[in-house]
Amino acid sequence: MKLVAISGSLRGASLNRRLLDLSLRVLEKEGAQVDRVDLRALELPFYDGDLEAASGLPAGAQELVARIAASDGLVIASPEYNYSVPAVLKNAIDWVTRAKPMPLRGKTAVLMSASPSLVGGNRGLWVLRMSLEVVGVHVYPDMFSLASAQAAFDDAGELGDEALGRFLRFVLTGFARTTRLHAQPPA
Ligand code: FNR
């Protein structure tokens, strides 16, 4: 099972990146091979139809398309910005959906968020879910949102709250099972 991992936050000290790192450790134990995408490292200008008409997809978008095409599913941890999806993540999705063939169709995805707030960024995930489902991604029903995330991690990068840690593993192992089923070649 090959997974592409994306953080919707670019900053080094990102709480979402910490949640993603923790989740990837769990998924790697489940046997996943993980390709970590750093959106900051990709050449991804704002989507512009004139740019696309003149020169097609920029190099960063082409690279992302290829990496998603080589995967079985996506693991995304993203903050909500003003109850919605950070522009950098939405822009990346918009470019990828312009590719032919479009690599997102038929992939699975699990969505997570972290925020210092009490809602944990969950509202943004519903907006993200909509953009992904509409292009044919099987978004895993359970989502994981980490509230008060600035105080949630211990020194080892694990969740201090045991019950929360159990729920995260429950979501991720279910997602891994679903992705393995989707990834099976037709009999
Ligand atoms: C935020 N933040 C935020 N938090 C939240 O729970 N709901 C929200 O709607 C918003 N909106 C928002 C907009 C913008 C432009 C910024 C920069 C921030 C706060 C956000 O959750 C907090 O900064 C997180 O720490 C960002 O995630 P990372 O970078 O730590 O992963």
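In this predicted model, a nitrogen atom of the ligand lies 2.7 Å from an N or O atom in the side chain of E80, a polar contact being a pair of N or O atoms within 3.5 Å. On the oxygen side, an oxygen atom of the ligand is likewise 2.7 Å from an N or O atom in the side chain of S9, while a polar backbone atom of N82 sits 2.9 Å from a nitrogen atom of the ligand. The protein covers 71% of the 620 Å² of accessible area that the ligand has on its own, with areas taken from the Shrake-Rupley method with a 1.4 Å probe.

Around the ligand there are 14 residues, of which S9, R11, S14, E80 and S115 come nearest; a residue belongs here if one of its heavy atoms lies within 4 Å of the ligand. This shell divides into five nonpolar, six polar and three charged residues, where Asp, Glu, Lys and Arg count as charged, Ala, Val, Leu, Ile, Met, Phe, Trp, Tyr, Cys and Pro as nonpolar, and the others, Gly among them, as polar.

The largest pocket has a volume of about 180 Å³. A pocket is an open set of points on a 1 Å grid over the protein atoms alone, where a 1.4 Å probe fits, with protein on both sides within 12 Å along at least five of seven lines, and lining residues have an atom within 4 Å of a point; the volume is the space filled by probe spheres set on the points. Both α1 (15-29) and α6 (162-183) supply at least two residues each of this lining, which includes L22, R25, E162 and R169 and divides into four nonpolar, one polar and six charged residues.

Residues are numbered from 1 along each chain as its sequence is written. Local features need pLDDT of at least 70 and side-chain atom pairs count only at pLDDT 80 or more, whereas totals for chains, interfaces and linings use all residues, and side-chain values use heavy atoms, with hydrogens and water left out.

Terms used:
A polar contact is a pair of N or O atoms within 3.5 Å; within protein, one must be able to donate a hydrogen and the other to accept it, and residues adjacent in sequence count only if both atoms are side-chain atoms. Helices (H or I, at least four residues) and strands (E, at least two) are DSSP runs, numbered from the N terminus.
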